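Me: Please go through the structure shown below with me, in questions and answers.

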Amino acid sequence: MAHAMSDDQVAGELRKMTAFIRQEAFEKAKEIQIKADEEFAIEKSKLVRQETSSIDSQYEKKFKQAGMSQQITRSTLANKTRIKVLSARQELLDDLFEQARGKLAGYSKDKGKYQELCKNLILEGLYAMNENKVVVRARKEDYDVVKKAIEGAKDEYKKSMNIKEIKVELDEKNPQPEGCSGGASVVGGGGRIDINNTLDERLKLLETDALPMVRTSLFGKNENRRFTD
């Protein structure tokens with residue numbers, strides 16, 4: 001027959017059960033804490049990796065943008081410098097030809113040299129025209145000189161072409177316009193063909209045809225140019 005436990009025995013058993021439950025709860029809490037710490041560490045590591053990757057990506061993007069911006073800036077500055085250099089060179093060339101243009105009017109002061117020049121300009125027109133009848137146009141103040149130049153050109157043309165006659169007349173009704181620096185033009189084809197050998201026109205041709213050579217003489221050869229004008 002079982003004996004009933006005394007109050008002290010009951011109290012002892014309760015203390016044992018309480019201690020067991022407390023121990024179990026402590027161990028469970030510890031296990032939960034460990035697991036929570038592990039999950040926290042994993043999540044923290046994941047977040048750190050994500051943030052690090054994001055920062056790296058942003059840095060790489062900003063680095064590329066900075067590099068591109070620097071390239072654009074260098075290119076812009078190089079183009080501006082090139083334009084300034086080209087502009088300065090063009091101004092120099094324009095000034096050079098403007099000075100030459102200013103000296104044209106004074107070329108007719110030496111009548112002997114000027115008559116020889118007009119003769120050669122008219123003769124060049126005769127060869128180009130290759131007709132038996134042409135007219136010559138010149139400045140009014142050059143009429144006396146040009147008449148003599150016409151005779152010299154006719155004689156030389158007839159001799160070189162082995163012909164007996166060619167009709168070359170001075171067109172006094174249609175002089176060269178005001179401001180013309182001199183020279184002459186040879187008109188043929190019934191007035192439809194005009195070979196303009198005035199000094200102004202020859203200088204224009206020189207500006208076009210001789211410009212590459214003048215540019216090279218002044219500034220040197222441009223290694224970047226594949227073709228010349």
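**Salt bridges, core and surface**

Reply: Asp171 is buried, its relative accessible area being 14%; buried means under 20% relative accessible area, exposed over 50%, and partly exposed in between, with a 1.4 Å probe and protein chains only. This is a predicted model, in which local features need pLDDT of at least 70 and side-chain atom pairs count only at pLDDT 80 or more, while totals for chains, interfaces and linings use all residues. Residues are numbered from 1 along each chain as its sequence is written, and side-chain values use heavy atoms, with hydrogens and water left out.

Me: With which residue does Arg137 form a salt bridge?

Reply: A salt bridge is a side-chain nitrogen of Lys or Arg within 4 Å of a carboxyl oxygen of Asp or Glu. Arg137 is partly exposed, at a relative accessible area of 23%. Its closest N and O atoms are 3.0 Å from each other in the pair with Asp171. The pair links distant parts of the chain, 34 residues apart: Arg137 in strand S1, and, in the loop between S2 and S3, Asp171.

Me: How many residues apart in sequence are the parts that Lys119 and Glu156 tie together?

Reply: Lys119 and Glu156 form a salt bridge whose closest N and O atoms are 3.0 Å apart. Helices (H or I, at least four residues) and strands (E, at least two) are DSSP runs, numbered from the N terminus. Lys119 lies in helix H2 and Glu156 in helix H3, so the parts tied together are separated in sequence by 37 residues.

Me: Is Lys119 buried or exposed?

Reply: Lys119 belongs to a network of salt bridges with Glu116 and Glu156. Glu156 is partly exposed, at 34% relative accessible area. Lys119 has 14% relative accessibility and therefore counts as buried.

Me: Which residues have the most contacts inside the largest nonpolar core?

Reply: A nonpolar core is a set of buried Ala, Val, Leu, Ile, Met, Phe, Trp, Tyr and Cys residues joined through side-chain atoms within 4.5 Å. The largest one has 26 residues, and those with the most contacts inside it are Ile122, Leu126, Val136 and Val146.

Me: Which residues does Leu126 touch, not counting those up to four places away in sequence?

Reply: Contact means heavy atoms within 4.5 Å. With residues up to four places away in sequence left out, Leu126 touches Val134, Ala153, Tyr157, Ile166, Val168 and Val186.
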